[in-house]
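Here is a friendly set of questions and answers to read beside a protein model. Keep the viewer open and follow along.

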Amino acid sequence: KTTTGSLTVSPVAASGAYSLTQVAGAHITNWRAVSGGAALWLRFDELPGPVWYQDTSGSQPPHDAFCMGTGCTVVNGGRFGNAVQLDGNSYVHSDAPVSPTAYAVAFWFKASQDNPTAPLFNDYYGGEYRVKVDLEAGKICARIPNSAMCTAAPLSNQRWHHVVHTYGAAIGGQKLYVDGRLEASAPGTGTATSLTWNSNFGGTRQNVPSYFVGLIDDARVYS
């Protein structure tokens, strides 16, 4: 049987003819389609223990993530399969860029502390940031330059919660969804800059660093 379609090849691959053979009983996955066109998708489904996490978004080149520190551990009991457990001294870093004009981040988290104050996601780089999603006394707060918002009440502790933060001119600013519900919105669409931003989960590289304690799973960035 002959199938047709397109195949993304790494831009650093050597020029020449390529062939693709499908083994009987196996299947070929289009990860760009499965991820919904994400720029980064960290499923944290590696075997327990590693400090390197595969980007399964299908982006080329991939934006694989790494543990910054020594306190990241892939463990069983994630929201889907495994999850990364952070001990309060480390965070997960990827070079996946965050757009200065429109983006979304989505992830699951489970805090190990009551009403914590800790970073969940940010693109902190070179002393600046375009976006921050933090826990502040149990509430989820999101910030972009000149615009901030928080949920009205703290979340239930030590339970899985799903967070989506998005901004852009098309939606009139920024919006924060928690467990499928719109919890906050605010004007503002960020500020363009020539710096290269990154994606950090569970910590920040500020001069006075802070860290999250708990589990993070199924983290995605659309940019």
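Predicted model: local features only at pLDDT ≥ 70, side-chain atom pairs only at ≥ 80, totals over all residues.

Q: Among contacts between residues at least 6 apart in sequence, what percentage joins residues at least 24 apart?
A: A contact here requires heavy atoms within 4.5 Å. Taking the contacts between residues at least 6 apart in sequence, the share that joins residues at least 24 apart is 61%.

Q: What percentage of the accessible surface belongs to carbon and sulfur atoms?
A: The accessible surface of the protein is about 11,300 Å². Carbon and sulfur atoms hold a share of 51%.

Q: Is the pair of Phe 107 and Phe 109 stacked, tilted or edge-to-face?
A: The structure contains nine aromatic pairs, and in this one the ring centres are 6.5 Å apart with the planes at 50°. Planes under 30 degrees apart would count as stacked and over 60 as edge-to-face.

Q: Which residues touch the most other members of the largest nonpolar core?
A: Ring pairs link a cluster that includes Phe 107, Phe 109, Phe 121 and Phe 201. The largest nonpolar core has 40 residues, and strand β7 (residues 102-111) gives the most to it, with five. The members that touch the most others are Tyr 53, Phe 107, Phe 109, Phe 121, Val 133 and Phe 201.

Q: Which strands are the edge strands of the open sheet of eight strands?
A: The order in this sheet is β2-β3-β6-β15-β8-β9-β10-β11, with antiparallel pairing. Two bridges join β2 to strand β3 (residues 65-68), and Trp 52 stands opposite Phe 66 there. Pairing on one side only marks the edge strands, β2 (52-53) and β11 (147-150).

Q: How many bridges join β7 to β16?
A: Strand β16 (residues 213-222) has eight of its ten residues buried, so the rest of the structure largely encloses it. Antiparallel pairing links β16 with strand β1 (residues 40-42) over three bridges and with strand β5 (residues 83-87) over four. Strand β7 also runs antiparallel to β16, and the number of bridges that join them is seven.

Q: Over the face of which residue does Arg 220 lie?
A: Arg 220 in β16 is the bridge partner of Ala 106. Arg 220 also stands opposite another residue, Trp 41. At 4.1 Å from the ring centre, Arg 220 lies over the face of Trp 41.

Q: Which two residues does a cis peptide bond join?
A: The loop between β2 and β3 is the place to look, as it holds Pro 61. Omega is about -5° at the cis peptide bond, which joins Gln 60 and Pro 61.

Q: Is Asn 115 buried, partly exposed or exposed?
A: Asn 115 lies in the loop between β7 and β8, and its phi is positive, about 45°, although it is not a glycine. Buried needs under 20% relative accessible area and exposed over 50%. At 41%, Asn 115 is partly exposed.

Q: What is the phi of Asp 179 near?
A: Asp 179 is in the loop between β13 (173-178) and β14 (181-186). With 31% relative accessibility, Asp 179 counts as partly exposed. Its phi is positive in a residue other than glycine, near 55°.

How values were computed
Residues numbered from 1 in each chain as written. Heavy atoms only, no water. Phe/Tyr/Trp six-rings, centres within 6.5 Å; stacked < 30°, edge-to-face > 60°. Lys NZ or Arg CZ within 6 Å of the ring centre and 35° of its normal. Core = buried A, V, L, I, M, F, W, Y, C linked by side-chain atoms within 4.5 Å. Buried < 20%, exposed > 50% of the residue type's maximum accessible area, 1.4 Å probe, protein only. Areas by Shrake-Rupley, 256 points an atom, 1.4 Å probe, with all protein chains shown as cover. Pairing = 2+ DSSP bridges.
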